[in-house]
Amino acid sequence: MLHRVILSFILHLCYSQSIFTFRIKYSSFQMIRVLPIILLFCSLTTIAHSQESAYDSIVRITTRELVNTDPEKALENYQYLYEISENDAQRIRSLNLKGGLLLYFGIRDEALNIFLESEKLAIKERDYLALTRIYGYVSAIHKQTNLLSASRQYLTKASEANQKIKDKSKQARFFGNIEHEIASIEAIRGEYQLSLEHLRNAIKYFKSDYIEEDINVSHHLYYGYGIVLDPIILEYYST
């Protein structure tokens, strides 16, 4: 079975035409730094190559190599992953990978449709980790189009889903990121005091006892998202 799937994948790469009507030109898209992308790709599990399934092997090759060198082929591969998925968990992962990459290149409308499709499967599976990521993605899409109220509503959904995650370390990280995104929205609205309150909450979560390794909070908040433009202020709130 494994050999047939791998062979099918190789033939797919060699002979299939693009399933997309567009062609990505690298200079045409702004590389958007968005929170959910970082959450998604940092969460991928590294598996020893000898123990990988065909599915995991395609994920690894596509995410580590093709995303940066040939994003159009990466999108094709993520679609192919959906086609060979054996269960809803794999389908959710495939959809989120594809949607995340589309969002990364600013193709928001198609990305939104994919995340809404993934949401239905995640609700069915009660996959709260996936739901937290999905709502983070959708929030980012609305934020980029200046629909701040909708963006804020999806962060509330993300927070509710995150409450049900059993892994306290992941839960604390997500809460930190959710609070940080809320702070970003409030800063855009001009509610700076409220923004700082949520920023303090984010830092509290990042310094939670549930997270064993140290997180460079100033670097994470300032260089990753730039909510507060003065690093001295960040340093003050990080101590």
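A residue counts as buried when its relative accessible area is under 20%. Keep that cut-off in mind as we walk through this predicted model. Of the 239 residues in the chain, 49% count as buried.

Let's begin with the overall layout. The secondary structure comes to twelve helices and zero strands, and reading along the sequence gives the pattern α-α-α-α-α-α-α-α-α-α-α-α. How do contacts link parts of the chain that lie apart in sequence? Among contacts between residues at least 6 apart in sequence, 61% join residues at least 24 apart.

Now for some helix pairs. Two packed helices are described by the angle between their axes and the distance between the axes. Take helix α5, residues 88-104, and helix α6, residues 108-125: they pack at an angle of about 160 degrees, with their axes 9 Å apart. Angles over 145 degrees count as roughly antiparallel, and α5 and α6 are therefore roughly antiparallel to each other. Their crossing is left-handed. On the α5 side, the residues that make the contact include Ile 92, Leu 95 and Leu 102, while those on the α6 side include Ile 114, Phe 115 and Leu 121. The residues of this contact divide into nine nonpolar, four polar and eight charged.

A second pair to find is helix α9, residues 168-189, with helix α10, residues 192-206. This pair packs at an angle of about 165 degrees, and the axes are 8 Å apart. Are α9 and α10 roughly parallel or roughly antiparallel to each other? With the cut-off of over 145 degrees for roughly antiparallel, α9 and α10 are therefore roughly antiparallel. The crossing of α9 and α10 is left-handed. Where the helices meet, α9 brings residues including Phe 175, His 180 and Ile 182, and α10 brings residues including Leu 194, His 198 and Tyr 205. The residues of the contact of α9 with α10 divide into eleven nonpolar, six polar and three charged.

Is Ser 184 buried or exposed? Its relative accessible area is 10%, so Ser 184 is buried, following the cut-off of under 20% that opened our walk. Which side chain does Ser 184 join through a polar contact? The partner is Lys 143, and the polar contact between the two side chains is 2.6 Å.

Terms used: Residues numbered from 1 in each chain as written. Predicted model: local features only at pLDDT ≥ 70, side-chain atom pairs only at ≥ 80, totals over all residues. Heavy atoms only, no water. Axes fitted to C-alpha atoms, helices over the stretch in contact; angles between N-to-C directions. Helix = DSSP H or I, 4+ residues; strand = E, 2+ residues; numbered from the N terminus. Parallel < 35°, antiparallel > 145°, perpendicular 65-115°, else oblique. Left-handed = near helix turned anticlockwise from the far one by under 90°. Contact = heavy atoms within 4.5 Å. Nonpolar A, V, L, I, M, F, W, Y, C, P; charged D, E, K, R; others polar. Buried < 20%, exposed > 50% of the residue type's maximum accessible area, 1.4 Å probe, protein only. Polar contact = N/O pair within 3.5 Å; in protein donor to acceptor, adjacent residues only side chain to side chain.
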